[in-house]
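Here are my notes on this model, point by point. Please read them with the structure open.

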Amino acid sequence: MEAVLKAIERAKLVPVVVIEELGRTEVVMGALCEGGLPIAEITFRTAYAAEAIELAVKKFPDMIIGAGTVISSAQCERAVTSGAKFIVSPGLSEGVAKVCKERGIPYFPGCATPTEIIRALELGIDVVKFFPAQVYGGLKAINALGAAFPQVRFIPTGGVDNSNLAEFLKSKRIFACGGSWLLKDDIVSVVREAVKIVNDLIGGN
């Protein structure tokens, strides 16, 4: 678990990947790697999620492949069985948290209120997804919540892109930034730009 957490924290980027056609999996994973980002969160928004995770893990063994939009313990079990190394949810599921704890993999639940953050802390979780970030107040809200919960770090998703990525990453409250903006247009170019922004801020460490 620690190795996965450290890799994500170091990369500072979690691309949210929606696979509508299984054949796109290798193309997308290859583009992310070419751009310098060997991490992907494949969402359970489509019927191909589990198969895409299995394929990505097989074809790109050096990548850290996780599952996103996981909203039930059954989905979580399927994702982990498929090879997911981390799990992300739009909200907080105690059932998913239990599976992740038993399997020893990181769980990033969506938390946007103090009550949700307290529930996460009670479950032993101190890194949470903040979604949808801009709708819930963006970096201003994250810093406010972080002041109340200094032990918590956030993965803002929804409204983050290369134009404001540096602003988010300058905050000590940010663990990483997630989103689908990395998969738009020319994936390789967008990812390379994002990786450069990260490296310029933290020196590649």
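**Notes on helices, core and cavities**

1. Helix α7 has an outward side: opposite its buried side, the exposed residues K140, A147 and A148 are found. Exposed means over 50% relative accessible area, buried under 20%, and partly exposed in between, with a 1.4 Å probe and protein chains only. Helices (H or I, at least four residues) and strands (E, at least two) are DSSP runs, numbered from the N terminus.

2. A word on the basis. This is a predicted model, in which local features need pLDDT of at least 70 and side-chain atom pairs count only at pLDDT 80 or more, while totals for chains, interfaces and linings use all residues. Residues are numbered from 1 along each chain as its sequence is written, and side-chain values use heavy atoms, with hydrogens and water left out.

3. Which residues of α7 are buried? In this helix, residues 138-148, they are G138, L139, A141, I142, L145 and G146. They line one face because, seen down the axis, they fall within an arc of 160°. The arc is that of the directions from the helix axis to the C-beta atoms. An α-helix has 3.6 residues a turn, so residues three or four places apart point the same way. The buried residues of α7 pack against α6, β6 (127-130), β7 (153-156) and α8 (165-169). Contact here means heavy atoms within 4.5 Å.

4. Helix α1 (residues 2-11) also has a buried set: V4, L5, A7, I8 and A11. Their arc around the axis is only 165°, which puts them on the same side of α1. E2, A3 and K6 are exposed on the other side. After α1 comes K12, with a positive phi near 65°.

5. The largest nonpolar core has 79 residues, and M29 and I87 touch the most other members. Helix α9 (residues 187-202) gives the most to this core, with 8 residues. A nonpolar core is a set of buried Ala, Val, Leu, Ile, Met, Phe, Trp, Tyr and Cys residues joined through side-chain atoms within 4.5 Å. Beyond its neighbours within four places in sequence, M29 is in contact with V17, A40, I42, A56, F60, M63 and I65.

6. There is 1 cavity of 30 Å³ or more. The largest cavity has a volume of about 50 Å³. V14, E41, V88, F108, K129, I155, T157 and G178 line it. On a 1 Å grid over the protein atoms alone, a cavity is a set of points where a 1.4 Å probe fits but cannot get out; a pocket is an open set with protein on both sides within 12 Å along at least five of seven lines; lining residues have an atom within 4 Å of a point.

7. The largest pocket has a volume of about 320 Å³. Its lining has 18 residues, and M1, Y107, L123, G124 and I125 lie nearest the centre. Helix α5 (94-103) gives the most to this lining, with 5 residues.

8. Finally, E122. This residue is in helix α6 (residues 114-122). E122 counts as exposed because its relative accessibility is 64%. Its C-alpha atom is separated by 19 Å from that of M1, 121 residues apart along the chain.

Conventions:
Grid points are joined across faces, edges and corners, and a volume is the space filled by probe spheres set on the points.
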